[in-house]
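I opened the notebook to record what I looked up in this structure, entry by entry.

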Amino acid sequence: MMASLLTTLAATIYTRIYFFATETDFSKVLGLQRIIGFSLLTCMLTVLVNYGMIRWLKRKGEIIFNFLFSVISFACVMIPISVTLPLSVQFPELFPGLAVPMVFFPAIAWYTLNPLFPRKQQN
Amino acid sequence: MKKLIYPFIAMVLIIGSAFTIFKAQDWKIADTSYVKFDGGDPSGQFGGMKGTISFDPNDLTNSKFDATIDVTTINTGNGMKNTHAKSEKWFDADKYPSIEFASSAITKTADGYEAKGILSMHGIQKEVVIPFTFQDNTFKGSLTVNRLDYNINTEEPNHGASSFKVDISVPVTK
């Protein structure tokens, strides 16, 4: 929950900065509601997968999870690059500049906050 | 002398009328005009239509379309595809920056009208017939265009669609 809040906050701030920098409005395709939904979904899924992997693989679970989370985040770069926007949206060339950094926000938020919630050591 | 002035004016008007050029109503193309193309993948639209439209439903002989669209306004909804579409391999926007249509004849049909003319694209000129309607100050027409007829990326005929349904909407004002 904390990670999704941090992701939403970062994404909202970045959207405003991007809007002022490029004067392009992508709120039709990436509005606040979608950002909140995307953040919640991603972070909840992350918690579930992280919990499952630690239960299953014990200490190695955290290491493998972190590796997978980074790889999947990087692979998700292709989503905003390949997505087709509605024709009413102007300057689709600038959309990856907004959305590509955002795919890393859940991972950044997770890695930032995760050490604040230490678990019992499992062997 | 006064008796002669009126017949003289009448004569001037009659002779002058022989040289009068009948011109159909001129229309200004609105900024909201578009040309949509649908080939499945890719699909999109062009904007930025410019040109002159002279059209009078009661005087089709003197009606004429002369329209140009800017190739760089292409929007497929995807930035990467837009860049590819404008590249040398496809529309080659640097060399052929516009797509033009100039009508040679407009005729009435059962459903509306037909504009016969020359479509110039990618350096190739072909005669096409565009069926269209004119309602609420908006011209709407459609036609099918095959990119291979205009030498657009003939090296890859199966790369994406080759035949496109083109829908044209041109709102106009007097």
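How many residues of chain B are in contact with residues of chain A? I noted first that this is a predicted model, in which local features need pLDDT of at least 70 and side-chain atom pairs count only at pLDDT 80 or more, while totals for chains, interfaces and linings use all residues. Residues are numbered from 1 along each chain as its sequence is written, and chains are lettered from A and ligands numbered from 1 in the order in which they are written.

Entry on the interface. I found ten residues of chain B in contact with ten residues of chain A, where contact requires C-beta atoms, placed from the backbone, within 7 Å. On the chain B side, β3 (43–46) and α2 (79–86) are the elements that give two or more residues, and α2(B) has the largest share with four; helices (H or I, at least four residues) and strands (E, at least two) are DSSP runs, numbered from the N terminus. I sorted this side of chain B into one nonpolar, nine polar and no charged residues, counting Ala, Val, Leu, Ile, Met, Phe, Trp, Tyr, Cys and Pro as nonpolar, Asp, Glu, Lys and Arg as charged, and the others, Gly among them, as polar.

Entry on the cores. I then looked up the largest nonpolar core, which has 31 residues; such a core is a set of buried Ala, Val, Leu, Ile, Met, Phe, Trp, Tyr and Cys residues joined through C-beta atoms within 7 Å. Among the members that touch the most others are B:Val35, B:Phe46 and B:Met49, and the strands that each supply at least two residues include β2 (34–38) and β10 (163–173) of chain B. Not counting residues up to four places away in sequence, B:Val35 touches B:Gln45, B:Phe46, B:Met49, B:Ile69, B:Val166 and B:Ile168. A second, separate core of 17 residues includes A:Phe26 and A:Ala109.

Entry on the backbone. I recorded a cis peptide bond from B:Asp41 to B:Pro42, with omega near 5 degrees, and placed B:Pro42 in the loop between β2 and β3 of chain B. B:Asp92, which is not a glycine, has a positive phi of about 50 degrees and is found in the loop between α2 and β6 of chain B. B:Asp92 is partly exposed, with 17 other C-beta atoms within 10 Å (20 or more means buried, 12 or fewer exposed, in between partly exposed, with C-beta atoms placed from the backbone). B:Asn153, in the loop between β9 and β10 of chain B, has a positive phi near 45 degrees, and counts as buried with 21 C-beta neighbours inside 10 Å.

How values were computed:
Two residues are in contact if their C-beta atoms, placed from the backbone, lie within 7 Å.
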